[in-house]
Amino acid sequence: MELPAATGAWREGDPAGRRRWLALPGPLTLEAGEELPDVRIAYETWGELNADASNAVLVLHALTGDSHVAGPAGDGHPTPGWWEEALGPGKALDPARWFVVAPNIVGGCQGTTGPSSTAPDGRPWGSRFPLVTARDTVAAEVGLADALGVRRWALVVGGSMGGMRALEWAATQPDRVERLCLLASPAATSAEQIAWAAPQLAAIRQDPGWQGGDYHDAPPGRGPHLGLGIARRIAHLSYRSPLELQTRFGREAQEGEDPWRGGRYAVESYLDHHGAKLVRRFDAGSYVRLTELMNAHDVGRGRGGAAAALSRVTATTLVAGVSSDRLYPLEQQQELVAGIPGAGPLRVIDSPYGHDGFLIEAAVVDGLLTELLAS
């Protein structure tokens, strides 16, 4: 297996691009009992907040996403916007009408405080960075909303990990969420989903370059690049469907290679490509902490169970899942519909692309958002 392209240990940089930063006024008290001092949130905005602050939309990204919802790659943005099809003139999230806010998650590596950030003692946080839950991210984003003058979101939308965060917003701050859109996400992470994550975490932690999570000051080439690439390969299998993989690749050999003589099948090359892409732009420490965040997700924790927690939601809610999603299957979205007052019916995105269908089937999602925002 080839080593994904990388030049050294991940170091968080501050090229601005469209990003802005907010320093929270005090320490962030975490659900697990620790405190995270000096938290900084990176975020991007599109459009303008109107006079009565009624047009604000919060967009929450998935595991390896960031605040760059729309716009080209460039300084400060290693990839183009991940949801271009939903944000822009004439689209559901039209900046001429909506004030769109997208924060990078606490624990991430695109400008918000995370394991690659500098701790108060001047060293990278590394292994000392504590567990952050989806509920903790809401506490941080409340500070962002207050600073921006947003008392109530017209819409909070997220898919996958972003959906976990969006659900926590609606259950934790029900008076501050008018509409809610949950895409391909659950009320609580299941045993199978934790099991999907286990070999990913093991691959990173068993990479000699991991160094117990304290590799950020390592010389070039010494970070846990191999482990992170393997983790992404495993994850990507859960993001796509068996039908798509068979249709696209079948048993074909990669061009110019012979699997019987040490070469790869085309599907192996595809996974290698996605592993290498992630290593070039993402921190392994953030990948570990955010995977643990998803493992910890349970909207019913401390609230009498999922049903009781979902009943707290007062937002006008639309829940959608992907027909071929094997990571967060439709029965989990059906649980959300059954528990959130007035949320039904479940919207099914008919797609062969598996979990990633909530991103790939952009025209369908744009239509769902347009419908919800018109309600």
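Start by selecting Ala184, which sits in the loop between strand E8 (179-183) and H3. Helices (H or I, at least four residues) and strands (E, at least two) are DSSP runs, numbered from the N terminus. This is a predicted model, in which local features need pLDDT of at least 70 and side-chain atom pairs count only at pLDDT 80 or more, while totals for chains, interfaces and linings use all residues. Residues are numbered from 1 along each chain as its sequence is written, and side-chain values use heavy atoms, with hydrogens and water left out.

**Backbone stops**

Stay on Ala184. Its phi is near 50 degrees, a positive value in a residue other than glycine. Most residues other than glycine have a negative phi, and most peptide bonds are trans. Ala184 counts as buried because its relative accessibility is 1% (buried means under 20% relative accessible area, exposed over 50%, partly exposed in between, with a 1.4 Å probe and protein chains only).

Next, select Asp38. Look in the loop between strand E3 (35-36) and strand E4 (40-46). Asp38 is not a glycine, yet its phi is positive, about 55 degrees. Is Asp38 buried or exposed? Asp38 has 58% relative accessibility, so it counts as exposed.

Now go to Gly344 and Pro345. The peptide bond joining them is cis, with omega about -5 degrees. Pro345 lies in the loop between helix H9 (330-339) and strand E10 (347-349).

**Helix pair H3 and H4**

Select residues 191-205 for helix H3 and 225-239 for helix H4. The two pack at an angle of about 165 degrees, and their axes are 7 Å apart. Axes are lines fitted to C-alpha atoms, for helices over the stretch in contact, and angles run from 0 to 180 degrees between N-to-C directions. H3 and H4 are therefore roughly antiparallel (under 35 degrees is roughly parallel, over 145 roughly antiparallel, 65 to 115 roughly perpendicular, the rest oblique).

Show the side chains. On H3, the contact residues include Trp196 and Pro199; on H4, they include Leu228 and Ile234. Contact means heavy atoms within 4.5 Å. The contact of H3 with H4 has 10 nonpolar residues, three polar and no charged. Ala, Val, Leu, Ile, Met, Phe, Trp, Tyr, Cys and Pro count as nonpolar, Asp, Glu, Lys and Arg as charged, and the others, Gly among them, as polar.

**Helix pair H1 and H2**

Finish with residues 134-148, helix H1, and 161-172, helix H2. Their packing angle is about 70 degrees, with the axes 9 Å apart. H1 and H2 are therefore roughly perpendicular. Among the contact residues are Arg135 and Glu141 of H1, and Arg165 and Glu168 of H2. This contact of H1 with H2 divides into six nonpolar, two polar and four charged residues.
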